[in-house]
Amino acid sequence: MEIALYVLAALLIIGGIAGNILPALPGIPMIFGGIWLVAALDQYRHLGVWWLVIIGALGTIGVLMDFVSASLGAKRVGASKLAMSGAGLGTVVGMFFGLAGLIIGPFAGALLGELASGTSVLRSAHVGVATWLGLLFGTLVKLVISFVMVGLFGFAMLFG
């Protein structure tokens with residue numbers, strides 16, 4: 001049974017890394033769940049509370065980055081509050097429509113929000129593109145944070 005749980009933990013970690021790119025999987029929570037499962041199986045000998053707190057804090061930053069990155073991209077180009085709200089709403093709604101929804105949702109939300117604030121179509125499209133670039137940057141940051149989490153896990157298991 002213990003071997004099956006270690007395999008499950010490995011699958012959670014690998015699936016979590018894939019989940020940072022694939023929208024159907026909650027990447028960082030899966031990675032943290034796999035790490036915590038290994039720590040519990042090891043009876044917290046190598047990976048104690050402080051390691052889990054540090055890795056969990058990194059994971060929290062990664063998850064927050066996922067939700068705010070699109071809005072930060074819109075804010076960077078001076079978007080209206082409606083555009084930033086639209087980008088956030090588009091991100092949340094887009095999560096339910098897979099990869100296409102995550103690409104189109106923040107862009108469309110920011111575009112519609114900026115149009116609603118009374119700016120031109122060209123300016124609104126500029127805000128939409130900046131929102132999408134913010135989302136792309138957030139995904140890259142989330143991926144880096146995931147690899148740092150796995151690296152800290154490996155370090156703790158070897159030297160902890």
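Two residues are taken to be in contact where heavy atoms of one lie within 4.5 Å of heavy atoms of the other. On this basis, in the predicted model examined here, 64% of the contacts between residues at least 6 apart in sequence join residues that are at least 24 apart.

The secondary structure of the chain consists of six helices and zero strands, so that, by the DSSP assignment of helices and strands, the order of elements from the N terminus reads α-α-α-α-α-α. Along its principal axes, the C-alpha trace spans about 60 × 25 × 15 Å. Of the 160 residues in the chain, 40% are buried, and the accessible surface amounts to about 8,700 Å², with 81% of this area belonging to carbon and sulfur atoms. The charged side chains comprise 6 positive and 4 negative groups, and a distance of 16 Å separates the centres of the two sets.

When residues up to four places away in sequence are left aside, S124 touches L111, E114, L115 and T119. For L115, one of these residues, a polar atom of the S124 side chain lies 3.4 Å from the backbone nitrogen of L115.

Conventions. Residues are numbered from 1 along each chain as its sequence is written. This is a predicted model: local features need pLDDT of at least 70, side-chain atom pairs count only at pLDDT 80 or more; totals for chains, interfaces and linings use all residues. Side-chain values use heavy atoms; hydrogens and water are left out. A polar contact is a pair of N or O atoms within 3.5 Å; within protein, one must be able to donate a hydrogen and the other to accept it, and residues adjacent in sequence count only if both atoms are side-chain atoms. Helices (H or I, at least four residues) and strands (E, at least two) are DSSP runs, numbered from the N terminus. Buried means under 20% relative accessible area, exposed over 50%, partly exposed in between (1.4 Å probe, protein chains only). Accessible areas come from the Shrake-Rupley method with a 1.4 Å probe; for residues, only the protein chains shown count as cover. Lys and Arg count as positive and Asp and Glu as negative; His and the chain ends are not counted. The place of a charge is taken as NZ of Lys, CZ of Arg, CG of Asp or CD of Glu.
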